[in-house]
Amino acid sequence: MTDDPERTRRWTLALGVDDEAAALSEPDRRMAAALAALYDDDEKKGKGSLGGSAPRVAKWLGDIREFFPAPVVQVIQKDAFERKGLRQMLLEPELLATIEADVNLVADLVSMRSVMPEKTKETARIVIRKVVAELMERLERRTAEAIRGALDRSRRTNRPRFADIDWPRTILANLRHYQAEHRTIVPETLIGFMRQQRRIADLDEVVLCVDQSGSMATSAVYASIFAAVMASLPVVSTRLVCFDTAIVDLTEDLADPVDVLFGIQLGGGTDINRAIAYCADKIERPSKTHLILISDMYEGGDANDLVARIARLVAIGVNVIVLLALTDTGRPAYDPALSGRVAALGVPVFACTPDQFPDLMATALRRDDVHRWAADCDIKLIRSDAG
């Protein structure tokens, strides 16, 4: 073993060597025990385990939160749920309140809500609302700016609403009013974008058709939040349809993203064809409609009928886009054969991240070339000869 104490410490923590535990400080021994409880499969080596005790798990969660940053805590929690079967522990509100929340945990909570006691559901709502608020803060402004810009950037006004001010042009026009003592510019002249007074009948319609089968859980959470964001914008009309083998239209619930998330039914099989048929029946103005299908394309229904149905939608002018995943990694597991058949219709088929989604929607609403946009963003498109 090396004479470098720090290197010795790191190797001891990594290997969990019992006879060298005395060389570790008390915090390091606690860190080693927290990791051993989850990752040490040798009963002789492990000095502790998570077992089935809620107090023990709560203490363990406290330890890992103390020693590791939030992203690492989330990885460890995910491993604990999978390796130790701790998902049942989420039914205990006292324990749930201590867990580091992220979008994957939201997906777990939504999938378990049917077996949750009422008291736990209330705690779950609090946890979900916190995560949703953080995601909305991250995504809402960018989505609003991208979509508003896509629909009407050509007309300008000197009496814009605050949200519609074109700040770069306004600053440039007012440079002569710079106040050196205050280090600021007095904006005597405002330049902004003129809002169109558009009737509901004139709005572009976005239909998010979202696969809520178990493999698409994280994508379904993000899609629901984006649907809520877009529904709050007066410049588009938004519909949210979630499906597995059944269909649930959550459009009326979009005012509250948490209600939307509690309305989706994660898990079950997949009947994409039936969901597309439902959405097609709701389309009244094809040339104004953008249908975003979010699915891994593992079809449990009639795949041939699905391809034919999408072809008919494309032929009548519906802007159809298929997202194989809407996740932070943007790395989908998908059916290459069916995805390739849909791509052969000229439909863009790819995966994207939540940060890319606002720009995607802006591109779609302008009816620009989505294939080119994806290529410019270094996003891998599914080719028509896939599979």
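Asp249 has a relative accessibility of 26% and therefore counts as partly exposed. In this predicted model, Asp249 forms a salt bridge with Arg239, with the closest N and O atoms 2.7 Å apart. Asp249 lies in strand 7 and Arg239 in strand 6, so the pair ties together parts that are 10 residues apart in sequence. Arg239 also forms a salt bridge with Glu205, where the closest N and O atoms are 3.7 Å apart. Because Arg239 belongs to strand 6 and Glu205 to strand 5, this pair links parts 34 residues apart in sequence. Glu205 is buried, at 13% relative accessibility.

A further salt bridge joins Arg309 and Asp305, with the closest N and O atoms 3.0 Å apart. Both residues lie in helix 12 (residues 303–315), 4 residues apart, about one turn of the helix. Asp305 is partly exposed, with a relative accessible area of 27%. Through shared partners, salt bridges join Glu205, Arg239 and Asp249 into one network. The count of salt bridges comes to 7.

An open sheet of 6 strands has the order 7-6-5-8-9-10, and its pairing is mixed. Strand 7 (247–249) and strand 10 (349–352) are the edge strands, each pairing on one side only. Neighbouring strands of the sheet are turned by 25° against each other on average, direction ignored. Strand 6 (residues 236–243) pairs with strand 7 in the antiparallel sense over 3 bridges, and Phe243 stands opposite Ile247 in strand 7.

Helix 9 (residues 217–231) lies across strands 5, 6, 8 and 9, running at about 160° to strand 5. Of its 15 residues, 14 are buried, so helix 9 is largely enclosed by the rest of the structure.

Key
Residues are numbered from 1 along each chain as its sequence is written. This is a predicted model: local features need pLDDT of at least 70, side-chain atom pairs count only at pLDDT 80 or more; totals for chains, interfaces and linings use all residues. Side-chain values use heavy atoms; hydrogens and water are left out. Helices (H or I, at least four residues) and strands (E, at least two) are DSSP runs, numbered from the N terminus. The expected span of a helix is 1.5 Å times one less than its number of residues. Buried means under 20% relative accessible area, exposed over 50%, partly exposed in between (1.4 Å probe, protein chains only). Two strands pair if DSSP finds at least two bridges between them. Axes are lines fitted to C-alpha atoms, for helices over the stretch in contact, and angles run from 0 to 180 degrees between N-to-C directions. Contact means heavy atoms within 4.5 Å. A salt bridge is a side-chain nitrogen of Lys or Arg within 4 Å of a carboxyl oxygen of Asp or Glu.
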